[in-house]
Amino acid sequence: MNTVDINCDMGESFGNYKCGLDSEIISYISSANIACGFHASDPLVMSESVKLAKKYGVSVGAHPGFPDLVGFGRRNMNVSDKELRSMVLYQIGALKAFCEAEGVSLTHVKPHGAMYNMAAKNEKMALAIAEAVCSADPSLILLGLSGSCLIDAAAKVGIKSASEVFADRAYDDDGSLVARSREGSMITDEDECVERVIGMVVSGEVKSINGNYVKVKADSICLHGDSRGAVAFAKKINEKLTLEGISILPMGTGLKVGKIVA
């Protein structure tokens, strides 16, 4: 039987600014990546997000990003490996404190935005992130783009990894995500997104923006909770996976992840 995790970036509101439909979409996911205050969120939002995940039995992951509230962490930053390692460790530690206060286990870490995309192709950045995760807790799972440097880096430092695929993002021929600035980077047709998800989970491949098929490993599906119709879309994917006999399991509870390297 095929199994898969459904994750969603959450807790990205802060102060008077509301972002995402966290309380509505959480019924249809199995893992939450909670922002840690750098690209979005604040202490109160982090606390409430952990409580929400606990209420619905959803696995909690840290979602560290660049310190860029204005750009929502989607702008590239030139930082040293040492600085990157420290900023990731700092954010994991912050969210871990809220998890411990609620008696919730922190299960995984997923970098956000530009940090995620840069590390997917940059071996040194990916290694710095994996080292930070390992330093925080070697039992944590590093969630990264299927086939990317993040997955390789997790193996190098000896931690688990989970390969992520995207329902609503277009892929390039090399398996990377098409930049949001390019036309066609976002897939808006719900039926097309659902069929792509099933193909990635069952067949292990996805059609690129150029019409070529790219091999992917789908341990976890990312849904975006801040887009129009996100809740209805999440419900549709959840129902379709169930109809196809694909079990939806939270990160760290039965999901097959990358091999630990001694």
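Which residues have the most contacts inside the largest nonpolar core? They are Leu-84, Leu-95, Ile-129, Tyr-171, Ile-221, Ile-237 and Leu-241. The legends below refer to a predicted model, in which local features need pLDDT of at least 70 and side-chain atom pairs count only at pLDDT 80 or more, while totals for chains, interfaces and linings use all residues. Residues are numbered from 1 along each chain as its sequence is written, and side-chain values use heavy atoms, with hydrogens and water left out.

**Figure 1. The largest nonpolar core has 72 residues.** A nonpolar core is a set of buried Ala, Val, Leu, Ile, Met, Phe, Trp, Tyr and Cys residues joined through side-chain atoms within 4.5 Å. Buried denotes under 20% relative accessible area, exposed over 50%, and partly exposed the range in between (1.4 Å probe, protein chains only). Helix 5 gives the most to this core, with 7 residues. Helices (H or I, at least four residues) and strands (E, at least two) are DSSP runs numbered from the N terminus. Contact, here and in the later legends, means heavy atoms within 4.5 Å. Leu-84 is in contact with Phe-66, Val-79, Met-115, Met-125, Ala-128 and Ile-129, when its neighbours within four places in sequence are left aside.

**Figure 2. Leu-241 is in helix 8.** The relative accessible area of Leu-241 is 0%, so this residue is buried. Apart from residues up to four places away in sequence, Leu-241 touches Val-4, Ile-6, Val-197, Ile-198, Ile-221, Ile-246 and Ile-248. Leu-241 and Ile-92 are 149 residues apart along the chain, and their C-alpha atoms are separated by 31 Å.

**Figure 3. Helix 3 (residues 81-102) packs against helix 5 (residues 123-136).** The two axes come within 8 Å and cross at roughly 35 degrees. Axes are lines fitted to C-alpha atoms, for helices over the stretch in contact, and angles run from 0 to 180 degrees between N-to-C directions. Helix 3 passes helix 5 in a right-handed crossing. A crossing is right-handed if the near helix is turned clockwise from the far one by less than a right angle, and left-handed if anticlockwise. Helix 3 contributes Asp-81, Leu-84, Arg-85, Val-88, Leu-89, Ile-92 and Lys-96 to the contact, and the residues from helix 5 include Met-125, Ala-128, Ile-129 and Ala-132. By class, the contact of helix 3 with helix 5 comprises 10 nonpolar, 1 polar and 5 charged residues. Ala, Val, Leu, Ile, Met, Phe, Trp, Tyr, Cys and Pro count as nonpolar, Asp, Glu, Lys and Arg as charged, and the others, Gly among them, as polar.

**Figure 4. Helix 4 (residues 113-121) packs with helix 5 at an angle of about 120 degrees.** The axes of helix 4 and helix 5 are 6 Å apart, and the crossing is left-handed. Met-115, Met-118, Ala-119 and Lys-121 of helix 4 meet Glu-123, Met-125, Ala-126 and Ile-129 of helix 5. This contact of helix 4 with helix 5 has 6 nonpolar, no polar and 2 charged residues.

**Figure 5. The count of salt bridges comes to 13.** A salt bridge is a side-chain nitrogen of Lys or Arg within 4 Å of a carboxyl oxygen of Asp or Glu. In the bridge between Arg-75 and Asp-68, the closest N and O atoms are 2.6 Å apart; Arg-75 is partly exposed at 46% relative accessibility, whereas Asp-68 is buried at 7%. Lys-96 and Asp-137 form a salt bridge at 3.7 Å, N to O. This pair joins helix 3 to the loop between helix 5 and strand 5 (141-145), 41 residues apart. Asp-191 and Lys-236 form a salt bridge at 3.5 Å, N to O. Here Asp-191 lies in helix 7 (residues 190-202) and Lys-236 in helix 8 (residues 230-243), 45 residues apart. Asp-9, Lys-110 and Glu-164 are linked in a network of salt bridges.

**Figure 6. Ser-41 and Phe-72 have positive phi values.** Most residues other than glycine have a negative phi. Ser-41, with a phi of about 85 degrees, is found in the loop between strand 2 (31-35) and helix 2 (43-56). Phe-72, with a phi of about 55 degrees, is in the loop between strand 3 and helix 3. Ser-41 is buried at 5% relative accessibility, and Phe-72 is buried with a relative accessible area of 16%.
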